[in-house]
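Take a look at the model below.

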Amino acid sequence: MTICSPSLAVLQRTLVIAFVAGSCTVVRAAEPPADSVEFYQQKVEPLLKKACYECHSHAAGEASGKLMVDSLTAMTDGGTRGTALLAGQPEASLILKAVSYSDPELQMPPDGQLPAEQIEILRSWIAAGAVAPKSDAPNPTEKKMSPEAIAASHWAYQPPRDYSQAFQGADAAAINAPARTIIDTIVQAKLATVGLQLSAPADRATLLRRLHYDLTGLPPSPEELESFSSDPRGDHELLEATVDRLLTSPHFGERWARYWMDVSRYADTKGYVFTEDRQYPEAYRYRDWLVDAFNSDMPYNEFVRKQLAADIDPTATEKDLPALGFLTLGRRFLNNKQDIIDDRLDVVSRGLMGMTLACARCHDHKYDPVSQADYYALYGVFLNTDEPGGDPFPHRLVDSKEDRKSHILLRGSPGNLGAEVPRRFVSFLAPQATPFDAPGSGRIQLAAKIVEPQNPLTARVMANRIWMRLMGTSLVESPSDFGTRCPAPAQQALLDQMALDLIRGGWSIKRLVRTITVSQVYQQRSLHREDAAQVDPTNALYWRANRRRRDFESLRDSLLSVTGQLDSAVYGKSEKITERPFPRRRTVYAYIDRQNLPNLFRSFDFASPDAHNPARPYTSVPQQSLFLLNSDFVAELATELGSSARRAAADPNAVNSAVNQLYRQVLGRLPSDDERQLMVEFVSTSNAAEQTSAPESLERWIYGYGSFDATAKTLANFQRLPKFTGGAWQGGDALPDPNLGWSTLNAAGGHPGNDANFAVTKRWIAPRNGKLRISGKLQHKQDAGDGVRATILVDGGNSIGQWTARNSEAKTNCELILIMAGQKIDFVTDCIADPNSDSFAWRIRLRYEDGGREEFEAERQFPQPPHVPLDRWQQLAQALLASNEFAFVD
Amino acid sequence: MHRTPSSENLSRRELLSRSGMGFGALALQHLLGESARGETGASGVNPLLPKLPHFAAKAKRVIHIFANGGPSHVDTFDPKPSILKYAGQPLPGETPRTERKTGALYPSPFKFKKYGESGLEVSELFENVAKHADDLCVVRSMYADVPNHEPSLLLMNCGEARQVRPSMGSWLTYGLGTDNQNLPAFIAMCPGGYPIQESQNWQAGFLPGIFQGTYIDTKHETIDKLIEYIENTRVTRGEQRQQLDLLQALNRRHQQARDTDPQLEARIQSYELAYRMQSEAAEVFDVSREPQYVLDAYGPGVQARQLLIARRLIEHGVRYVQVWHGEGQPWDNHDDIEVNHRRLAKQCDQAIAALLTDLKDHGLLEETLVVWGGEFGRTPTVELPKEGANAGKINGRDHNHWGFTMWMAGGGVRGGYVHGATDEFGFKAVENRVHVHDLHATMLKLLGFDHEKFTYRWAGRDFRLTDIHGRIINDLIA
């Protein structure tokens, strides 16, 4: 493992250059004799350093098999297998035996045998008496700090300090606003030390958008914004009332449940599996439980306890069993037990305590006072936990009936058993603690240790997560690693105070959210200030609010919300949001396929469901823009929104007000004159010719109807079926349609209209020249009526096949035809004479029989998006939905 | 992007320090001028801007041709006359354990011939690739850890068999960014569907999601099927430009009221990138733009098309291209190996050879590291029939992780060179063995990275592609 600070990297590069330069003029010196100290220094030691120190040296803090090889003494002393080196006796020395790979049980280094010449160096050195410098033993004072010393010195391992008194006498002159909360006191005091002050409060509209974003993830309506801005109450009173109102919104729980789903690496699937079902069919019930827990402000200690041990916790009921999804909904690693437990230990330790316990799976933690014994002590907890399946929640847990002993696995390898360890908590946090008593896995005891007020990590970690969500940045460098490599935050007093407040406030999350959101610090403007940026360019001290790009969930939810399309029902099963017909539910209910997460999620920086997720990046990449510009989902929303604006602008005198109205609906404010002028110009300069020409040529399938002449075998007046229901194309929402009757086409087939003028037709447009094979099968399953007739026409005229079916089926295969790009093939179905009982299925397949062998299948390629061109108003609506003002929260 | 490093997002400073690339690279980038470094003009917001590796290197891009399923080395690049000599007899000593039971030594049905000045021996299956013998660096002593597809695929792609780790393509796009912002930086092509282990083969793991490989099903030929949201079927390009002009005019007004915020500028630029991507991507994936002689050289079929696309992508600055043979595990010939291997090689041999020629003709081979191989090889012994497997046939080979062959070309590798050897029968790598981690370490070196210093901090550790393993095999480097 390498530690890489930039300065170290520069140093290393310099060394590489120096080495390369030097190597050009190397003069080969005479080999030192094998019994010389020089031989050891030049040949043996570098070899050992490279091949063995990683696991057997003081420098690495590793003594695998209790053996060190960084001094002659250490090698002679040996490890668990006894002495490793007998001077003068290479064949009897274990170290040589290991490197020569002669014993299949003892092969070192484990990842590949050393080159023969290096083995020879070791052999000749041992044979010549294993000469080494006298003082080669590493200085014991260079040893790592003891775990106890680390535990006693690292900031995050000390109890949070109470600063509420310390700031009583803060320099009142240095601060520019009366402190409303202890948060304000602490932040202002810190800012004062570098000569800075808070920014002015943001305006009301900005604040309302910010509060809605943070507490519900949805934008306020234009009406809410207007009444908020004109509310006669004082700013502070109004804001407090608004925070309180939003905290009781059911959408608060949805927003904050999704945050927790990042922590708990939520997914609806297991990841890669062989043949078993990859679904977690009831995973959504864990999500529902989370939504409910946040909405009912379940105290955080109880929240944690239930997620670890709802099956045993006396305060839990059957309704709480889905909470166990926290542990059970991780990746399944092809059912490898060690990996499943490792994933659970990781989500518990990093997710709840900012502790990187998983680093101690193969060896003691390199930096933190966490031993391998600690890892396997907690491993034992999950080793003694089983998944019973079945009702009432299939992803639940129970304590195992038998008592399974946990052993340290040397180097993490299941075949390499070390000492047995009792189930217990991490020792540096509970030095005198007794093992978790059997019977039972110890999960409930583990939960108790995590949330006991003396635990210095749990409350700090959660307080930081809450702050991070509300303020846009984390106080500590790594929100899920509070270990020794995480320096104390610049605002440690703030973090400690919030942690204490969380505990003292009965672990109420809403209470802490409220404390933060009613503070002056939260309510600042997000504008840049050059003076402050000079002093604190990254805003680490919070002299302003942070402008934030909406996360994926809030962006999609807001798109649905401002277009009036949002289905705001709370709770429920997961829905595949990238599949048609596009669900209108909030993004928190999106189906998360852990294995093959759609690119859309990744493009928008969605939390990876592979493992616990500390924080998301916020990038701006073209894939995001492509989604907003070109996706059917956004086009559908823009179509709805733009159409109503166009209708409103039917009277030429109403164009300005229609633009105003559209703008207000999306962005919550009226446009400036200048902005309005741009938009009015845009909608009035439509290029009709361009609009109708291009899009059609890009389509592959069009679903329509036309007049079929059975004698001439021609199709005339082909028109699109106007209504797309998500499952079928037809005349209107319901069948029969007043104009188009029973005409309908779906993926598999459809129903012709009432006479020859309504012959339903799937039109395919050739993408390129080539030889085309058409095959298929027509099915009609009713005995009543006269059945259906299917005809295949090229460019509306040339018939290349005709079949009928009545309670029967017919193969619709054609001769190979030559086709040119852009030619149309019509698959026409008419009712013959009687439209009664004419539902049919027609499987259609087209295949180029040359180089590409590309296939087209009507069924598989259905439903196609309604490729209706966007008019100018709809384009305007889309531009507003794509705008920065929409995407960012000031 | 005014965020402290604490929020774990990607400021340039943080990317550099996390990747251990340090101030040297940073300073150089400043010397070159921010504007020259990419199109966003704002630092720290587009993590795909081009970046420098640890040291200057020949290879700048990678094409990994993945013969998924496990091609048989003793039938392709590792001739073993002793199998024929002792045909039908058991392997002397104990037969190493593989996935299934195997029996007697089973000679290759394919003829080997020497090629080039180097006299590289290659079987008739790859007679066209063999014409490039003097450019190939053949490693005959590869070995992996277990004889199963899933862990071996993950090991080959991500350097770890079970846990979720970033794939090599993700590591490299994280470390180097990409030269063309109008195309995805890392593309994985596989016709007809996913290989085994699916998109985990090109996963970003704990790296930010933007470094994940973009999967493309090359069964399709039209751009709208190849890249998501690349095509707009509702407005013409001209109208979309007008729409964007309006959008950007509104965005500029919004930005002016907010002074300097690189996030806003980055998003404005990302629309321009997206707009250009539409035409550029459509062009790059359209192989019909190639002259007929090039199309003829690659030959017919989907392998030819996707390998030609690979060259076009590389030519346009894409960093890492993976070309999979097909859905599932096509090279996994537990039975009928003669028929199946012949069929599979016929699908790709001509095109791989054409790719190498083509890269050379375009002056791209020097900078492009081409890698060919599977997740493991196959046994020299015949697989025994088993209920539910290979239908009672005794004419195939089992998986073999003990020894197999991979080859590289271009990108600064030593051409016309054979490295290492398997035992007399081709079962185990015995001479100059090269573990998959060693291959990774060597590939990273060819691309300018010290695999021990190319790290990303996650969950309290500095992770590497090679984890705690990997030795650079200098013999493979020219």
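## Terms and numbering

Two strands pair if DSSP finds at least two bridges between them. Helices (H or I, at least four residues) and strands (E, at least two) are DSSP runs, numbered from the N terminus.

This is a predicted model, in which local features need pLDDT of at least 70, side-chain atom pairs count only at pLDDT 80 or more, and totals for chains, interfaces and linings use all residues. Residues are numbered from 1 along each chain as its sequence is written, while chains are lettered from A and ligands numbered from 1 in the order in which they are written.

## The hairpin of S16 and S17 in chain A

Strand S16 (residues 788–794) and strand S17 (residues 798–805) of chain A run antiparallel, joined by seven bridges. Ala790(A) has Trp803(A) in S17(A) as its bridge partner. Three residues lie between the two strands of this hairpin, and Asp795(A) takes a positive phi near 50 degrees there.

## The six-stranded sheet of chain A

S16(A) and S17(A) belong to an open sheet of six strands with antiparallel pairing, in the order S9-S8-S14-S20-S16-S17. Strand S9 (714–720) and S17 of chain A are the edge strands, and each pairs on one side only. Neighbouring strands are turned by 25 degrees against each other on average, direction ignored. The axes behind this angle are lines fitted to C-alpha atoms, for helices over the stretch in contact; angles run from 0 to 180 degrees between N-to-C directions.

Within this sheet, six bridges join strand S14 (residues 759–765) to strand S20 (residues 824–830) of chain A, and the two run antiparallel. Thr761(A) is the bridge partner of Val828(A) in S20(A).

## A three-stranded sheet in chain B

Chain B has an open sheet of three strands, ordered S2-S10-S11, with antiparallel pairing. Strand S2 (102–105) and strand S11 (397–400) of chain B each have a single partner strand, so one side of each lacks a neighbour in the sheet. The twist averages 60 degrees from one strand to the next.

Three bridges connect strand S10 (residues 377–383) of chain B with S11(B). Arg378(B) stands opposite His399(B) in S11(B).

## Helix H5 of chain A

Which residues of H5(A) are buried? They are Leu122(A), Trp125(A) and Ile126(A). They cover an arc of only 100 degrees around the axis, which puts them on the same side of H5(A). The arc is that of the directions from the helix axis to the C-beta atoms. A residue is buried if 20 or more other C-beta atoms, placed from the backbone, lie within 10 Å of its own, exposed if 12 or fewer, and partly exposed in between.

The face turned away from the buried side of H5(A) carries the exposed residues Ala116(A), Glu117(A) and Glu120(A). Gly129(A) follows H5(A) and has a positive phi, near 105 degrees.
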